[in-house]
Amino acid sequence: MMQSVIDKEKLEKLLAELISIYSPYLKEEEVMEYVLKWFKVRDIPAEYHRYSEDRILKYNGINVVGRLKGDSDGPRILLNGHVDTVEKTEDWSTDPTEPIRDGDKLYGLGALDMKSGVAAIMMAVEAFKRNHSSFAGEIVYTIVSDEEGPYGLGTDALILDGITDDIDAAIVPEPSSGFVGKPFPVLCLGARGGWNYSVFLKGKAAHAANPEMGLSAIVEASKLILELKNTELIQDEKLGKGDICIIGMNGGGAACSVAEKAVFTVFRHVVRGESREYLVQEVMDAAERAGIQAEIQVKFRDSPHSLNGGFDPYIVEEDNQYTKLLMESINEVTGTRVDIQYFSSIGDFNYLGTRAGIPTFVFGPSGENYHTADEYVNLNSVVETSEVIYKFLEKNLIK
């Protein structure tokens, strides 16, 4: 194992301070101010990147973006992490914004997902700047907002504003080990995608005393749901199969009447080959098999613009040059052979891996209870995550 360049005590202090700032998605101003000041105090280039979403959420967002530029041409490496969290719940054993250390575990809201990954980025960038005044290429580090929100607006804005243009490789230090439930270190070389859509059914009203005279949209919707769940899904050699999850249902009509309308909502995790058009046809095929007589309309979730309505799946090949260098970095830092996995859900990495066309790696610390009470991260894995990022930067930028 290599000699550490990351100070564990300083990293723990940084992470604890990030956790202590409550920053649920769409409410990140204070934590972004902290992050910008942290960089500025250390004379590390950084600035606010402001954006707005005026169509649906009426939201003015903030990212922090910085660049370390070398003195010659070379690869451009993106380090991307989100500093927002989900809302705190009431079932925590302690105050979720007061970090508590228990051995190697640090408890707190966002400790695992993913303020630890953000701290790893910040410490790696600081160490690289301190140790290398001359290098080839560029490091672009983006601390973003609203990853936990419905549209991933922070990273979406990076792409729309050209900040991710001409990037050669990206690391997103989401807790890959914690997410897939495997021992650290775990490297995810891709992820399934996901789309949210609703199916609207229109039947025919009739008096409830004579239901045979009408066509119940609720009954039709129920039959369609059951048949849709019987769909034979594509088996992807890397990503496995998608999932059809019914997340909502509603319907009805006038009092004492056959239900004229019904709607159900699906969150559909997808693999390669399952596009929006494929999903619509999937519903129609299920309706035909079920003998549905109601009128059917499929509508995807409304979104701020056409490119962020959902998340497409992606993979990075194992023989990609950046995959090889990252695997080498992980093995050298941890002394353990990395476990290659593929993430089962969605995140900003999907945008980077598909819309931005960047080989995007998800690699981060271990821990448990993300998005629920008593979330914690294993501190040694955070240090090693930061060390891996640093080593990967050296392998790419130091000639």
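How are H1 and H10 oriented to each other? H1 and H10 are roughly perpendicular to each other, a label for angles of 65 to 115 degrees, while under 35 counts as roughly parallel, over 145 as roughly antiparallel and the rest as oblique. The close-ups below start from that pair.

A note on the model: this is a predicted model, in which local features need pLDDT of at least 70, side-chain atom pairs count only at pLDDT 80 or more, and totals for chains, interfaces and linings use all residues. Residues are numbered from 1 along each chain as its sequence is written, and side-chain values use heavy atoms, with hydrogens and water left out.

**View 1. Helix H1 crosses helix H10.** H1 spans residues 8-20 and H10 residues 379-397; helices (H or I, at least four residues) and strands (E, at least two) are DSSP runs, numbered from the N terminus. Their axes come within 10 Å and cross at roughly 105°. Here axes are lines fitted to C-alpha atoms, for helices over the stretch in contact, and angles run from 0 to 180 degrees between N-to-C directions. On the H1 side, look for Lys8, Leu11, Glu12 and Leu15, which meet Leu379, Asn380, Val382, Val383 and Ser386 of H10; contact means heavy atoms within 4.5 Å. Five of the residues in this contact are nonpolar, two polar and two charged. In this scheme Ala, Val, Leu, Ile, Met, Phe, Trp, Tyr, Cys and Pro are nonpolar, Asp, Glu, Lys and Arg are charged, and the others, Gly among them, are polar.

**View 2. Helix H6 packs against helix H7.** H6 (residues 217-228) and H7 (residues 276-290) have axes 9 Å apart and an angle of about 110°, so this pair is roughly perpendicular. Lys223, Leu224, Glu227 and Leu228 of H6 meet Glu282, Val283, Ala286, Ala287, Arg289 and Ala290 of H7. The contact of H6 with H7 has six nonpolar residues, four charged ones and no polar ones.

**View 3. Isoleucine 77 sits in strand S3.** S3 covers residues 72-82, and isoleucine 77 is buried at 0% relative accessibility; buried means under 20% relative accessible area, exposed over 50%, and partly exposed in between (1.4 Å probe, protein chains only). Leaving aside neighbours within four places in sequence, the contacts of isoleucine 77 include Glu138, Ala169, Tyr322 and Phe392. Asparagine 396 is another contact of isoleucine 77: the two are 319 residues apart along the chain, yet their C-alpha atoms are separated by 8.5 Å.

**View 4. Two cis peptide bonds join aspartate 113 to methionine 114 and phenylalanine 184 to proline 185.** Omega is near -15° for the bond into methionine 114, a residue of helix H3 (residues 111-131). For the bond into proline 185, omega is near 5°; proline 185 lies in the loop between helix H5 (176-180) and strand S8 (186-191).

**View 5. Cysteine 256 and asparagine 369 have positive phi.**

**View 6. The structure has zero disulfides.** The search looked for a pair of cysteine sulfur atoms within 2.5 Å. Cysteine 188 is buried at 0% relative accessibility, whereas cysteine 245 is partly exposed at 39%.
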